[in-house]
4 protein chains.
Amino acid sequence: MPDKVIECEMIGAMTPTPMIIDTDPGVDDAFAIALAATSQDVDLLAVTTVFGNVDLEQTTANALRLLAVCGREDVPVAVGAERPLVHAQRHRDSTAHGDDGLSGFAHTLPDRSTGVDPRTAVRLMADVLEAADEPVTLVAIGPLTNVALLLAAHPEARAKIGRIVVMGGGLGRGNVTAAAEFNIWADPEAAHRVLAGASGDLTLVPLDLTHRCAVDQAWLGALRDSGPLGRTLVGLTPAYQETYRRSLGWDGIVVHDAVAVAEAIAPNLLRTNAFPVEVECSLGPARGATVVDGRSAAVRESHGVLAKGVHVAVDADVDQVRAFLLDRLSTVD
Amino acid sequence: MPDKVIECEMIGAMTPTPMIIDTDPGVDDAFAIALAATSQDVDLLAVTTVFGNVDLEQTTANALRLLAVCGREDVPVAVGAERPLVHAQRHRDSTAHGDDGLSGFAHTLPDRSTGVDPRTAVRLMADVLEAADEPVTLVAIGPLTNVALLLAAHPEARAKIGRIVVMGGGLGRGNVTAAAEFNIWADPEAAHRVLAGASGDLTLVPLDLTHRCAVDQAWLGALRDSGPLGRTLVGLTPAYQETYRRSLGWDGIVVHDAVAVAEAIAPNLLRTNAFPVEVECSLGPARGATVVDGRSAAVRESHGVLAKGVHVAVDADVDQVRAFLLDRLSTVD
Amino acid sequence: MPDKVIECEMIGAMTPTPMIIDTDPGVDDAFAIALAATSQDVDLLAVTTVFGNVDLEQTTANALRLLAVCGREDVPVAVGAERPLVHAQRHRDSTAHGDDGLSGFAHTLPDRSTGVDPRTAVRLMADVLEAADEPVTLVAIGPLTNVALLLAAHPEARAKIGRIVVMGGGLGRGNVTAAAEFNIWADPEAAHRVLAGASGDLTLVPLDLTHRCAVDQAWLGALRDSGPLGRTLVGLTPAYQETYRRSLGWDGIVVHDAVAVAEAIAPNLLRTNAFPVEVECSLGPARGATVVDGRSAAVRESHGVLAKGVHVAVDADVDQVRAFLLDRLSTVD
Amino acid sequence: MPDKVIECEMIGAMTPTPMIIDTDPGVDDAFAIALAATSQDVDLLAVTTVFGNVDLEQTTANALRLLAVCGREDVPVAVGAERPLVHAQRHRDSTAHGDDGLSGFAHTLPDRSTGVDPRTAVRLMADVLEAADEPVTLVAIGPLTNVALLLAAHPEARAKIGRIVVMGGGLGRGNVTAAAEFNIWADPEAAHRVLAGASGDLTLVPLDLTHRCAVDQAWLGALRDSGPLGRTLVGLTPAYQETYRRSLGWDGIVVHDAVAVAEAIAPNLLRTNAFPVEVECSLGPARGATVVDGRSAAVRESHGVLAKGVHVAVDADVDQVRAFLLDRLSTVD
Ligand SMILES: [Ca+2]
Ligand SMILES: [Ca+2]
Ligand SMILES: [Ca+2]
Ligand SMILES: [Ca+2]
């Protein structure tokens, strides 16, 4: 793998990428936060929390602890939405990530001295963006409630966001339902607001791709042996591993959110195509589906679809992605 | 009418009611803004604008001018949403209020020296509420986009809002469609967020009631003759009058939004019943309908409906309402 | 009441009205079937059954027994739909009418010697209509599944139907949900097919009106004392009475379906207005609502609504209706 | 190709397969009808028509003429639905197949002496099924309106249908919209009735697979040179070819419906997996999508999905399919 690792580092930006992460940790969020929090080429401006894998109180506690693990007392953490934008939530996905979102090991992590920022998530994001000198990358790895609220309540902020990278959706497949991936399903209306007719640069990393980048026991073993951070992260995965063992019959995990952060750090790590995307917001069987218009441009035009596209990640050198993740998470002292 | 007027004044609060108005002027918004801006017992803290009767640029310009007419250079005006929360808007209701929202006479109003506040509508509302010492009444007389965003992005602000008064919806009837009233139809998802499972004190003033409080030519004549403000307001109504003449065959107008502001100034001017309310957000024929659960509490419980209610205005002494409005708008020097 | 009764009989057609009844008995269906089966001025050509108040097996058994009670061994009974047109049913409304649809007294009724017709409900209706020499009145007093199937599968049959009378829907109110009346809610897609853009003569009798025609203990007592049929019918009402006592706190019942049959027998017994009607088929809170476009013709046209109307029963001399029902059901020997 | 052809013939049933075809011709329907009408191992019991590629009058005329081309005066043809089950149709797909559904060449085909059967499509299907001694294969290659009506109005007929083969849907892709294939999109409610919780043997041939079986100019040339039938069929393709050239940039056509008929003649020509399937019936962007639950059985169960599956064609030896079609359509004298 050495060649690939070198290649990956070349992909990374030379100057640090200013970044905001909106998250609902979650085991794969843990990997994603660690990736952003410890990468030298990332300037992590803020972490905002949202309900999702577990409830808001727990996702916020988890985010603080994960930053503490990474030695990041400095990064402001603000509390976001406790429920979806329009329809009050009835479900949670607590089982896949354990009751506390981190396989039951959240309490083993250190507390962070610095508590939450007094501002709401939306206000912190708006303030950080207003103060930014260069384009900020916003990475959304939970339900899109906070991001939709930011774009709707602070339209002026959009100009300061260079790029939005979203983990979510699927190409004709789902995980929570037959049609919907968890992040989108958890707040379809917010997702529609963010994705449909998206202006500016927006990359969607769907579960088709993150599944292809799944990591196995060898990868997890190498990470565990790489040092304290690696050991801690792998220690958060037992319930998550069990979920994949039980549901898919294989021995490894999908680090969905970390793949999205990797793309945010190293643009074009994933190969994307631009497609119009809408989200089904009805209450029918396709609720939460990302409707990706994969038809040819000629066909789309003949049906009057003129929307600008979302950059949907459709392919990647998956060994390169895995190597990038392992290298980044291993080289932390 | 003198007795009634006296009675009305007794209803009004003795100390000024702190108030924020969210509006999309609109002819009836003009009456509503004038009512709030000139009433001695109102402390008008902010006016925020939203797309609706006309586009956001025009509603904002109209709001500034109307405040100028009322001599209110001091009230901060902030610009809000230019589109609905979830689904981009395809329609406008420009015809009923004329192309400029004020029967084509917007340009005849004076410009206000004080322009818009640099903050977004949501941030201004959040700041004003944070600074408030006593409960603020929030009156929403346009599409509910800004209000939904405030509640979702700034949940802490809810505690500072004593009361929300909304003009919108209908009891099994609509105006824009068979089922939907304009304000709700213009952003059903926002309306659902605000109305469904509403916490705290929320009063909904539906079009059934505002229609019953319609004013005729005699009322309009009395207002016109009462002084400069009355003359100006009546001067903004020709296109609006024409709409009612053409569509309903009668000679007068419905000052929807002013009825809601009247209730905000003089609580219990309208008689209300508490009902659970939801908004239909599908794309079917009932899109934008306010689904008011008028069944008995026993029936509701037997069907598992336990939601707290919205105070829906179902009745009023309509002559008293008309007298209240005329009196308030006439006694301005 | 004598004058009214005479008046009612004058309203009835001079020559028997050929009639098909589609039903899901149900206590009020029992009154309705008895009304049609015993009225001299009705030529009852067929009774077809549908799932609804209870399941299809029970509604069919109930229909047969009720016809036996009325001495009508001759009327063909055919079995219709056991489920809605599009979405499989998850709910039943067994409680209001008792577990067997007739307050637990179905088994006390005599069995009918003549069993069900071997044809399906749709085929029987199509055959009866094909053979008809004069226009047939089709009265639908259950979910509209069979009627929608008839109209869709046998479009040629429409020309033989002089008039369709439907008990269902509400004007901005419901009973099963805040927005939906039972018959429509039980199969909204079928109802939309039947009601939207209805061609020909269709009268909708909504629950607003049937509630106004509710009958009290005096009426029930008079019917019970009128003879064997009256005694039997009233004997089927205990669970149904209990439902109204518990849910509405009053002592009487609503004989929804009998009001519709009364109108079918005596056209213009109810006063109707023509409105375009659609049915909300989404899965949202308004699912099953009858969206009645009560706006003025000028307003409808300005919004592009050109649909022909359904005759919606909006008013009646309710004492006359009650007298008509009591007279008809009492004068059977 | 000789080996493959022999293999295909072995796959075909030894005794003729009784078959009903429900169709909306359409160029690919022409190939499908010819395949069934001329195959020795098919006993074509009936052809029923439905609106779709063009309107009902034209699809019926086309079906008659295509059977005349095949020398099949004997096969009864009955007229089915002119519109979808629930929502009146607003669109047609006339362009892809030319204004007359057959690239403008419908009028060049001979008229059939035997006109349409006097019965409706649903009644003809019910009668044919009632009379059948052995299981009938029903092949639906248009909107599913007639089939849904048959199943709903004649539930007893289901037992006589050995197998339903449907051309329709897509696995996360569409052609008419981003999410929906034409046949399903043209009547989603009917498709949901047929596909969701399907009982008995039902095979769905989605456009993913039919596209993979697309035929090129060489195939079309070989068919044209094979004899009069082949020459006629290829003569109906110019507008259809132009559609593919313009929209997809390649030189050939997709004979969707013929692939489904091939599978109906030669079961297991296509490889299928069993998945629960629902159809999105909302009015949102996924309207008409076939929601195929491709998740593992363990995941489905953990989310409470217990529905029996539809056999979805997911793979095939596409050269074998093309050879089967060419061989069958060529060997007609
Ligand atoms: Ca996450
Ligand atoms: Ca307004
Ligand atoms: Ca009934
Ligand atoms: Ca076809």
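Start by selecting chains C and D: a rotation of 180 degrees with 0.0 Å of shift along its axis superposes chain C on chain D, with an RMSD of 0.0 Å (least squares on the C-alpha atoms of residues with pLDDT of at least 70 in both). That is how a two-fold axis relates copies.

A quick note before you go on: this is a predicted model, where local features need pLDDT of at least 70, side-chain atom pairs count only at pLDDT 80 or more, and totals for chains, interfaces and linings use all residues. Residues are numbered from 1 along each chain as its sequence is written, and side-chain values use heavy atoms, leaving out hydrogens and water.

Next, click on the calcium ion (ligand 2). Its protein donors are Asp24(B), Asp29(B), Ile141(B) and Asp257(B), 2.2 to 2.5 Å away (donors are N, O and S atoms within 2.8 Å of the metal, or 3.2 Å for Na, K and Ca; water is not among the atoms, so sites may look incomplete). Now highlight Asp29(B) in helix α2 and Asp257(B) in helix α12 (residues 256-265): the pair ties together parts of chain B that are 228 residues apart in sequence (helices are DSSP runs of H or I, at least four residues, numbered from the N terminus). Asp29(B) is buried at 0% relative accessibility, and Asp257(B) is buried at 2% (buried means under 20% relative accessible area, with a 1.4 Å probe and protein chains only).

Last stop: select Tyr240(A), Tyr244(A) and Trp250(A), which form one aromatic cluster (rings of Phe, Tyr and Trp, with its six-membered ring, pair if their centres lie within 6.5 Å).

Terms used. Chains are lettered from A and ligands numbered from 1 in the order in which they are written. Rings of Phe, Tyr and Trp (its six-membered ring) pair if their centres lie within 6.5 Å; planes under 30 degrees apart count as stacked, over 60 as edge-to-face and the rest as tilted. Helices (H or I, at least four residues) and strands (E, at least two) are DSSP runs, numbered from the N terminus. Buried means under 20% relative accessible area, exposed over 50%, partly exposed in between (1.4 Å probe, protein chains only).
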